[in-house]
Amino acid sequence: MISKKRAIIYSVIIVIATALITSQVVGYKYKEYDKLVGLKRSIDKEFYKEANGEKLITGSIKGMFESLDDPYSQYYTKEEFKKLQEQTSGSYVGIGVVIGPTPDDELITVVSPIEGSPAEKSGIKSGDKIIKVDGKEVTSKDMDKAMGLIKGKAGTDVKLTIKRDSKTLDINVKREEIVLKTIDSKVLENDIGYIKISSFDEHTYNDFKKALDNLNKKNIKGLVIDLRDNPGGLLNICDDIADEILPKGNTIVSIKDNSGKSKVLKSDNDRQLDVPIAVLTNEGSASASEILTGAIVDNERGVAIGTTTFGKGLVQTVRELSDGTGYKLTTAQYYTPSGAYINKKGIKPNIEEKDENKQLDVALDWINKQINK
């Protein structure tokens, strides 16, 4: 009968092999993990108390992902993976803020507060650095811990300690059920349509198409697409939206994997939006927002107005493992249709306007000029 300790050692090997997905196929050798197995034996034999085998396995796998020095690659426990899935499901209990790491420091950065959320109402802004949650220090190395502390029961408060420029602020935010509304649309003066996209989740494309169809029925002469404080989301949703805007055959984005192979996504829709388009951007416009902006600007279907975008030119693959755990791994880099690599650089707008209160007016002015040509 196999001993408990030996069974745990075998489980370490099995989990690692599963996470790497058929290690034999990609050429890994088990001897690379001899040290790990040996150290596990030493812990079992010599540690002064009984170690938690599951925690040791999880810690080993998390350490493997952390050693990639990539802020977007991460291994998730079952609970953590469920929370990750919430981000694209449409609703959750929290404060309504999108957070992420930046290459500049190890602090958790607010990419954007969700419009109408408790975070926005409490005055939290894009670029704020979260350094404590309820008095507990957090960094970008423990994002999941921070997210767990921020979330909680609806109606309860959480205190965030924020670093904003040279100031440190304590902000109390009441948790609520956050129902994500990713599309808002209306007709502005002179029959100019307006669509705000707050994120790219599972329902965004259908909602965008409905909004665009309604605006077209009203015979709009131009369109403002507002991507300010949009942290991104699902690439396929961004691709579908770009299909509704660009002529057939236009490049949307190029994706290059670690072997150097490129995959080019092109618009394959017979429909196109044949009106002047102005895209509003700021430092909170990231990832899929930047892909859509680049696709519109580089194909000369419109202009970007506002400030330089966040600068995330990396693509992540999310996979769930058979035991309910999962991982997110940066698997490719993307390039705009002109070939620009915008990671850590962002997209500079065609027309810079730092005052967000004036950006929409600048966009309307530009569209009206195009209409009257």
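Tutor: In this predicted model, helix α7 (residues 204-217) packs with helix α8 (residues 235-245) at an angle of about 20°, and their axes are 9 Å apart. Angles under 35 degrees count as roughly parallel, and α7 and α8 are therefore roughly parallel to each other. Their crossing is right-handed. On the α7 side, the contact is made by Thr-204, Tyr-205, Phe-208, Lys-209 and Leu-212; α8 contributes Ile-237, Asp-240, Ile-241, Glu-244 and Ile-245. By class, the residues of this contact divide into six nonpolar, three charged and one polar.

The surroundings of the pair come next. In soluble globular proteins, nonpolar side chains tend to be buried together. The largest nonpolar core here comprises 37 residues, and those with the most contacts inside it include Ile-241 and Ile-245, along with Ile-195, Ile-197, Phe-200, Leu-223 and Leu-292. Both α7 and α8 are among the elements that give two or more residues to this core; the others are the strands β11 (192-197), β12 (222-226), β13 (251-257), β15 (277-281) and β18 (326-335), and helix α9 (288-298).

Leaving aside neighbours within four places in sequence, Leu-223 is in contact with, among others, Leu-212, Leu-215, Ile-192, Tyr-194, Ile-195, Val-275, Ile-277 and Ile-367.

Note on methods
Residues numbered from 1 in each chain as written. Predicted model: local features only at pLDDT ≥ 70, side-chain atom pairs only at ≥ 80, totals over all residues. Heavy atoms only, no water. Axes fitted to C-alpha atoms, helices over the stretch in contact; angles between N-to-C directions. Helix = DSSP H or I, 4+ residues; strand = E, 2+ residues; numbered from the N terminus. Parallel < 35°, antiparallel > 145°, perpendicular 65-115°, else oblique. Left-handed = near helix turned anticlockwise from the far one by under 90°. Contact = heavy atoms within 4.5 Å. Nonpolar A, V, L, I, M, F, W, Y, C, P; charged D, E, K, R; others polar. Core = buried A, V, L, I, M, F, W, Y, C linked by side-chain atoms within 4.5 Å. Buried < 20%, exposed > 50% of the residue type's maximum accessible area, 1.4 Å probe, protein only.
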